[in-house]
Amino acid sequence: MKWLKVPKWRKVDYLSLFIMVVLLGVGSFCLRQQDVLSGGLDNLYKKQLIGIAIGGVVLIATLFIDYRFICQMSPALYAIILLLLTYTITIAKPINNVRRWIKVGGITIQPSELTKIVLILFIAFLCNLLRDRMNEFKTLFILGAAVAVPLVLILLEPHLSSSMVIVFIFVVMVFMAGISYRLIGIVMAAMVPVLLFIFIGVGVYNIKVPLINQYQVNRIMTYFSDDEEEDSAGKYQQNQALVAIATGGKNGKAIEGENNVRAYQAIYANESDFIFSAVGEEFGFIGSSIIIFLFFILVIRCLTIAAHAPDFMGKLVCMGVSGMFIFQLFANIGVATSILPNTGLPLPFISSGLTSLVTSMAALGIVINIGMHKSPNAII
């Protein structure tokens with residue numbers, strides 16, 4: 001296979017690239033504002049530009065490499081990710097009492113972020129390999145085992161939110177692969193009582209369940225609690241995020257030229273998990289709505305490319321990337337607006353974080369690569 005190809009530039013999805021650039025600009029602006037307000041202590045803006053530069057190189061590289069070759073390399077990438085995750089939870093130094101990052105020189109890498117795109121490629125590869133046996137329980141077991149291994153390693157970090165993204169991606173891709181509804185029903189029937197046992201056992205009776213930490217369940221219990229004291233301790237970030245978004249008003253402080261102190265400065269992780277509080281305050285209701293609309297268009301573009309993908313494997317990759325973007329968008333904004341319990345997930349292309357930026361840009365690059373080979377006839 002000729003894996004290195006010059007892109008068909010006239011077939012590149014420039015709309016998706018334009019939306020990505022706008023979102024990157026929004027994130028960079030918010031982070032620069034935070035640097036200005038804090039006196040540049042964290043150098044968030046500089047780090048973001050470095051992440052964009054590296055992500056840009058990776059994105060361009062994905063346009064020159066045939067996506068089918070990338071998918072065929074996914075078993076090797078999968079093995080590398082398992083090694084990185086194992087190193088993270090055993091040797092890497094803990095930060096804030098968790099082991100999620102690896103420091104290489106002056107760069108910090110988060111393997112759980114890279115796991116998302118690698119698993120998308122690997123699941124698509126396996127589904128394509130086992131396409132004629134998708135209705136067999138053995139196939140579902142193989143796919144589930146492939147996801148379960150890195151999932152357990154990520155839970156041991158611990159990082160529940162990334163695990164949830166991976167589960168969602170897996171469900172979307174397996175469903176789109178055409179797996180039997182009977183098998184799906186059997187698995188769901190088995191999973192519901194298990195999840196109820198974990199939730200009630202840990203949350204109500206303080207039973208220790210492997211891979212599940214008490215604080216993770218407490219976040220969910222606190223979200224549904226009416227106790228004011230518990231609420232002030234557990235939902236402080238979300239309450240402050242709502243204040244920041246509300247103070248942005250209709251037009252936002254950036255649009256109106258206000259240079260005073262921002263409410264989102266009081267929020268922990270306002271550069272990553274709660275970046276939407278900064279977006280809401282800087283750009284207001286109108287700007288935030290436009291940004292959400294741009295995400296919506298980007299996901300629609302991914303789904304459109306999936307519908308016209310030249311093969312089964314390409315379709316599944318596009319669906320997996322769409323699922324990743326949808327879940328992280330809904331989770332990040334949902335947490336910042338108190339629609340969902342507090343959990344930590346970056347907003348694609350906007351949140352600070354080198355690995356998250358590179359993962360999102362690489363994922364979009366692969367989707368655009370698939371779009372350059374699209375068939376005029378839809379396959380879904």
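**Stop one: a helix pair**

Select Gly314, Val317, Cys318, Val321, Met324 and Phe325 in α13, and you'll find them meeting Thr359, Ser360, Ala363, Ile366, Val367 and Ile370 in α14 (contact means heavy atoms within 4.5 Å). Sorted by type, the residues of this contact are 9 nonpolar, 3 polar and no charged. This is a predicted model, where local features need pLDDT of at least 70 and side-chain atom pairs pLDDT 80 or more, while totals for chains, interfaces and linings use all residues. Numbering starts from 1 along each chain as its sequence is written, and side-chain values use heavy atoms, leaving out hydrogens and water.

Now show α13 (residues 312–336) and α14 (residues 354–371) whole: they pack at about 145 degrees, with axes 10 Å apart. The axes are lines fitted to C-alpha atoms over the stretch in contact, with angles running from 0 to 180 degrees between N-to-C directions.

**Stop two: the core**

Next, pick Val317, Phe325, Phe349 and Ile350, which have the most contacts inside the largest nonpolar core, a set of 98 residues (buried nonpolar residues joined through side-chain atoms within 4.5 Å; buried is under 20% relative accessible area, with a 1.4 Å probe and protein chains only). Helix α13 gives the most to this core, with 15 residues. Zoom in on Phe349: beyond its neighbours within four places in sequence, its contacts include Met20, Phe295, Phe325 and Leu364.

**Stop three: Glu281**

Finally, go to Glu281 in helix α12 (residues 275–307). Is it buried or exposed? Glu281 is buried, at a relative accessible area of 0%. Its side chain reaches the backbone nitrogen of Ala263 at 2.8 Å.

Conventions:
Helix = DSSP H or I, 4+ residues; strand = E, 2+ residues; numbered from the N terminus. Nonpolar A, V, L, I, M, F, W, Y, C, P; charged D, E, K, R; others polar. Buried < 20%, exposed > 50% of the residue type's maximum accessible area, 1.4 Å probe, protein only. Polar contact = N/O pair within 3.5 Å; in protein donor to acceptor, adjacent residues only side chain to side chain.
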